[in-house]
Amino acid sequence: MRLNIEQISIQGSNEWNEDALIVREEVHVYGVLDGATSVTPYRGPQGETGGYLASNVVRRELEAMDEQQWAAIHVKDAVLQANQSLREAMVLSGIDPEDREALWTTEVALVRIEETRVQYAQTGDCMILAVYKDGTVRTVTHDQLDHIDLQTRKRWKACLYQGMSSRKEIRAQVEPYIRKNKVLMNTLQGYSAMNGQAELASFLEYGVINRINLTGLLLITDGLFPHSEDIEEKWDAVSLIKEVEEKGLRGYAESLIELEQSDPDCQTYIRFKTSDDKTGIWIRF
């Protein structure tokens, strides 16, 4: 199987890159991870955040699986195994696995490419897009966090209407709502997340698509989502793929960063930090 792979992971404006890449070309397993810092502050031995630790615990677990293990397991079950390993790592570090606000968390989009089909598993807002020979772009996954993030964007915009101009000032106003949403992980009112909870098994999205006329797969974390001045506008998968095809994955990411740097206080393109971590894998068949 011959694949053309382009991969990037670019740190955003925070102290740690909480994203991670999974690249196992010999077993055709690829994934992106987007860690999220816990509400309750935690730092590892080297100052690592909970989000960084979560994404890297999961990355190491999935990368350690050999060819025989992958042949015997669906990516869904591999993700659930890694979720259990994440729980065990937190317990060893003194984290109470029943305290939702303390949990290390990461989102994932993972694929295993076979001769005739592609297995996938996904949580949160990591996304998988499929491209076909006739130019069709298929959004394989669903952004489970958008309904929550939209409410936060609305609060951010309300702060701007009230005359606030500093990103730091506005962030302080919306932070309590962001913290509150953490308790919605793996519930019917919230979104799925890898955080060591057994409940993930009920909310993990997974499946199989066939490879008929499939020419490409794009896996991205939300830092690579296009920006819009309209806070309710859904980003367009077709336009995103067109930009990646024209500029390459890194070229697209760099153009997005340039746009973000022109709006450092997040007033024109409402978002929660100047620049989010950007991780993606562009796979062409």
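1. Glu98 is exposed (over 50% relative accessible area; buried means under 20%, and partly exposed lies in between, with a 1.4 Å probe and protein chains only), because its relative accessible area is 60%. The model is predicted: local features need pLDDT of at least 70, side-chain atom pairs count only at pLDDT 80 or more, and totals for chains, interfaces and linings use all residues. Residues are numbered from 1 along each chain as its sequence is written, and side-chain values use heavy atoms, with hydrogens and water left out.

2. The side chain of Glu98 forms a salt bridge with that of Arg87 at 3.0 Å, N to O; the term denotes a side-chain nitrogen of Lys or Arg within 4 Å of a carboxyl oxygen of Asp or Glu. Glu98 belongs to the loop between helix H3 (75-92) and strand E4 (105-113), whereas Arg87 is in helix H3, 11 residues apart. Helices (H or I, at least four residues) and strands (E, at least two) are DSSP runs, numbered from the N terminus. Arg87 is partly exposed, at 22%.

3. A second salt bridge joins Glu260 and Lys278, with the closest N and O atoms 2.9 Å apart. Glu260 is in helix H7 and Lys278 in strand E10 (residues 278-284), so the pair ties together parts 18 residues apart in sequence. Both Glu260 and Lys278 are buried.

4. Strand E2 (residues 19-24) has 5 of its 6 residues buried. E2 pairs with strand E3 (residues 29-36) in the antiparallel sense over 6 bridges; pairing requires at least two bridges found by DSSP. Opposite Ile22 stands Gly31 in E3.
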